Amino acid sequence: MTFARKLHDLRIAQKRSLQDVADAIGVSKAHVWNLEKGTTANPSMDLVVKLAELFRVRVADLVGEAPDSSDEPAEMVAMFRDLKQLEERDRDTIRMLMEQMKRRKDEKD
């Protein structure tokens, strides 16, 4: 998937407008549009980093250098990254919540 397509998909998935993204990273709406259309070649590394931070993905995911994670939605990758930063006690709490949610889902199915 191209940088332009990933950028577009991330923006749509997070329900952000072109103007929201432009304001967040300090560029014009037209520049974001051109990035999504692939008509602006080679965005600066500073801009790519700002976009990655905004969408909570790794730079490698955004520019397509992380093929192992390309199958996972960017939000899932970000959640996993956040999970790794928690203390063990907090991960245990989340693990228990997930087990309860899975049991509830299994009961519905």
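In the predicted model, Val59 has a relative accessible area of 27%, which lies between the 20% below which a residue counts as buried and the 50% above which it counts as exposed, and Val59 is therefore classed as partly exposed. This residue lies in helix H5, which spans residues 59–63. When residues up to four places away in sequence are not counted, Val59 touches Met45, Val48, Val49 and Ala52.

The protein chain as a whole comprises seven helices and zero strands, so that, because helices and strands are counted as DSSP runs, the order of elements from the N terminus on reads α-α-α-α-α-α-α. Of the 109 residues in the protein chain, 24% count as buried. Where contacts between residues at least 6 apart in sequence are considered, 47% of them join residues at least 24 apart.

Two helix pairs that involve H2 were examined. Two packed helices are described by the angle between their axes and by the distance between those axes. Helix H2 (residues 18–25) packs against helix H4 (residues 45–55) at an angle of about 120°, and the axes of the two helices are 10 Å apart. The angle makes H2 oblique to H4, and the crossing of H2 and H4 is right-handed. On the H2 side of this contact are Val21, Ala24 and Ile25, which meet Leu47, Lys50, Leu51, Leu54 and Phe55 on the H4 side. By residue class, the contact of H2 with H4 divides into seven nonpolar residues, no polar residues and one charged residue.

For the second pair, the axes of H2 and H3 come within 8 Å and cross at roughly 110°, which makes H2 roughly perpendicular to H3. Here Leu18, Gln19, Val21, Ala22 and Ile25 of H2 make the contact with Lys29, Val32, Trp33 and Glu36 of H3. The residues of the contact of H2 with H3 divide into six nonpolar, one polar and two charged.

In soluble globular proteins, nonpolar side chains tend to be buried together. The largest nonpolar core in the model holds 17 residues, among which Phe3, Val21, Ile25, Leu51, Phe55 and Leu62 touch the most other members. Two or more residues of this core are given by each of helix H1 (3–13), H2, helix H3 (29–37) and H4, and the largest share, six residues, comes from H4. Leu51, one of the residues through which H4 meets H2, is in contact with Phe3, Leu7, Val21, Ile25, Leu35 and Leu62 when its neighbours within four places in sequence are left aside.

Arg11 is found in helix H1, and Arg11 counts as buried because its relative accessibility is 10%, against a cut-off of under 20%. With neighbours within four places in sequence left aside, the contacts of Arg11 are Arg16, Ser17, Leu18, Val21, Glu36 and Phe55. Among these partners, Val21 and Phe55 are also listed with the core residues that touch the most other members, while Leu18 and Glu36 take part in the contact between H2 and H3.

Conventions: Residues are numbered from 1 along each chain as its sequence is written. This is a predicted model: local features need pLDDT of at least 70, side-chain atom pairs count only at pLDDT 80 or more; totals for chains, interfaces and linings use all residues. Side-chain values use heavy atoms; hydrogens and water are left out. Axes are lines fitted to C-alpha atoms, for helices over the stretch in contact, and angles run from 0 to 180 degrees between N-to-C directions. Helices (H or I, at least four residues) and strands (E, at least two) are DSSP runs, numbered from the N terminus. Angles under 35 degrees count as roughly parallel, over 145 as roughly antiparallel, 65 to 115 as roughly perpendicular and the rest as oblique. A crossing is left-handed if the near helix is turned anticlockwise from the far one by less than a right angle, and right-handed if clockwise. Contact means heavy atoms within 4.5 Å. Ala, Val, Leu, Ile, Met, Phe, Trp, Tyr, Cys and Pro count as nonpolar, Asp, Glu, Lys and Arg as charged, and the others, Gly among them, as polar. A nonpolar core is a set of buried Ala, Val, Leu, Ile, Met, Phe, Trp, Tyr and Cys residues joined through side-chain atoms within 4.5 Å. Buried means under 20% relative accessible area, exposed over 50%, partly exposed in between (1.4 Å probe, protein chains only).
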